Structures are given as structure tokens and as C-alpha cells.
Amino acid sequence: MRAVITGGAGFLGSHLCDAFIEKGWEVLCLDNLVTGSEQNIAHHRANPRFEFVRHDITQYIDVAGPVDAVLNFASPASPPDYLKIPIQTMKVGSLGTHNCLGLAMAKRARFLMASTSEVYGDPDVSPQSESYWGHVNPIGPRGVYDEAKRFSEAITMAYHRFHKVDTRIVRIFNTYGPRMRLNDGRALPNFLYQALVGEPVTVYGNGTQTRSFCYVSDLIDGIYKLFESKEHDPVNIGNPHEITILEFAERVKALVGADVPIVFHPLPQDDPKQRCPDISKARRLLQWEPKINLEVGLKNTYEYFRQLVPR
């Protein structure tokens, strides 16, 4: 069996490559390395069942030979990244997803789309279930990511209904773990980096906004179970344990042992005040729920970051 994984040199994509190789698949990893890194997949270089091709999926995707699965994980995911390259973010969610679906249709392959909890926007309900249609500002600065993902879901379902492509959609909530980029703009890398180098820890807003953090191995396990299922509608995969950003920052400081202050900056426009998944569907259909608690996950992630930033 052969899988094409786009964005495969990124944080989540590289872990997904690991999982498919461990399951016995051959993997063709496509990535243009705008936010991904070859270092994330360096351990597969000598593996005959792994191939890396540098490619921008907004351009036509030509893959020789059979393909049994296409998993689209290509997109900037951190606000500083997609705010820096807004048009490319829109193009990878639209043109890129279209090209991936075209490949899946041509090869009669199963397709899995990596969507996001950001399709719910700044939610009016919590926790967010798959039946909630969201509260998104389409013309706000974050709209380039939110609407790109909402479009990618819509075109995925269109290909499923019209062309009968065998599709899956995973809505990914906040995830953390090794291979995240240092100081990439998301809460955990920022907090760990700042604490490790002795800088003040930056919290946006007053810190009362909530997130729920899922360790990467749990997330990948959930995605693989969804891939193997027969569910075509979107499924939330994330950790339902909710924590305020301020409490999260304090826990990171304590873990690192950093005697640095927490400083507060204005909350960015349309930043969600609350983010928590309803995973009832994943529990029922996939018999999946996260296993790694925040204490263990943070320790593992800290050990990874500590090697990148010697104290």
C-alpha cells in the first residue's frame, strides 16, 4: 500500500509519515518546505519505503504508479505564518486541496483532509461539536486560514458526493509535541522558548481564553483510526481537557523552572475566546480518546525543546 502525504515534512505531517511507515505503508511525502523542515523526516532518508519530493501542491500533482491513499496536511497552521503569507494560505486550501482530490480520484485512492477547529471561529457554543456551523469572520485577518479550511471541507464533500471519492475529514484541535518549530507563534512553542532563553512569557489578552491541548501521538492515533473508518462527515480529534492560557503559561514556567515574568499583550482580532472539542463522535465511531495527560505531554515536549535551546 502506498500513501501520498502532503505537508509531510511539517509537525503533524512528519508524525503521520512515521505512523504510516510503521503500519507497513510506502510513503511519498510532498512538501514545499515553506513551514516544514527536512529535519523532521531525516530519519527516513535511508528507508526504501519512503520518498520525499519538494513540491508546491497548488501546482499540478503528478505521481507515477499506484496510490492507495492521499492525506492532505499541507498548509501553514500558525497565525504568524498564515498572516505573513495570506494568499498562499488561501491557495493551498483551495487549489491545493483541489489538486489532491484530483489525484485521489485519478488513482481511486482514499482521501483524508486535515481540517481544523478554526472552522468554528470564535465559537458561541462550547464544547464545539461537529454539528456546530461556526462563528467565523470571513474578511478578518484570520479568515485566510479559517475560510481556506472551510472551503477545503466543502470541496472534499463535493468530490465525495459528485465523484464518489472515498473521503475523510478530520477537524484537528490544538496539538503539541516534538517537532514543533521554536517560537512559531503558537502558545506552547512561544512559552517554552521564552522560558528557556529567560525572556518574559507573552500572554495575549488577559489569559482567561481557553484552549485544549492534545499530545501529538494521541492525535495521530485518532487520525489513523478515522482513516480506517467508513465515516465521511467531519470528526473532531482533540483533547477535551480545557485550560486557560494563563494557567498554561504558569505550568510551562514551573516545568522549565524559569523565574521570568508574564507580560500581557492585546488580544489579536478574532482570536477565539474558547476552544474545546466535543469528542463524543470520535469516542462512539472510532473508540478513540486521548491517553497522554498534559503533565506527561509537556515533559516530553520540554525535553525536545531543551535540546534545541541549550540552557
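Student: At which residue does H3 bend by about 35 degrees?

Tutor: This is a predicted model, in which local features need pLDDT of at least 70 and side-chain atom pairs count only at pLDDT 80 or more, while totals for chains, interfaces and linings use all residues. Residues are numbered from 1 along each chain as its sequence is written, and side-chain values use heavy atoms, with hydrogens and water left out. Helices (H or I, at least four residues) and strands (E, at least two) are DSSP runs numbered from the N terminus. With the bend taken as the angle between axes fitted to the seven residues ending at a position and the seven starting there, H3 bends by about 35 degrees at Val92.

Student: How far does helix H3 reach from its first C-alpha to its last?

Tutor: Helix H3 covers residues 86-107, which makes 22 residues.

Student: Which strands and helices do the buried residues of H3 pack against?

Tutor: Buried means under 20% relative accessible area, exposed over 50%, and partly exposed in between (1.4 Å probe, protein chains only). Among the buried residues of H3 are Val92, Gly96, Cys100 and Leu103. With contact defined as heavy atoms within 4.5 Å, the buried residues of H3 pack against strand S1 (2-6), strand S4 (69-72), helix H2 (79-84), S5, H4 and strand S6 (167-172).

Student: Which residue forms a salt bridge with Lys273?

Tutor: A salt bridge is a side-chain nitrogen of Lys or Arg within 4 Å of a carboxyl oxygen of Asp or Glu. In the pair formed by Lys273, the closest N and O atoms are 3.2 Å apart. Lys273 lies in the loop between strand S13 (262-265) and helix H8 (280-286) and its partner in the loop between strand S5 (110-116) and helix H4 (143-163), so the pair ties together parts that are 151 residues apart in sequence. Lys273 is partly exposed, at 45% relative accessible area, and the partner is Asp122.

Student: Is Asp122 buried or exposed?

Tutor: The relative accessible area of Asp122 is 18%. Asp122 is therefore classed as buried.

Student: What is the N to O distance between Arg306 and Glu303?

Tutor: Both residues lie in helix H9 (residues 294-308), three residues apart, about one turn of the helix. Arg306 is partly exposed at 37% relative accessibility, and Glu303 is partly exposed at 28%. Their side chains meet in a salt bridge with an N to O distance of 2.5 Å.

Note on methods. Expected span 1.5 Å × (residues − 1).
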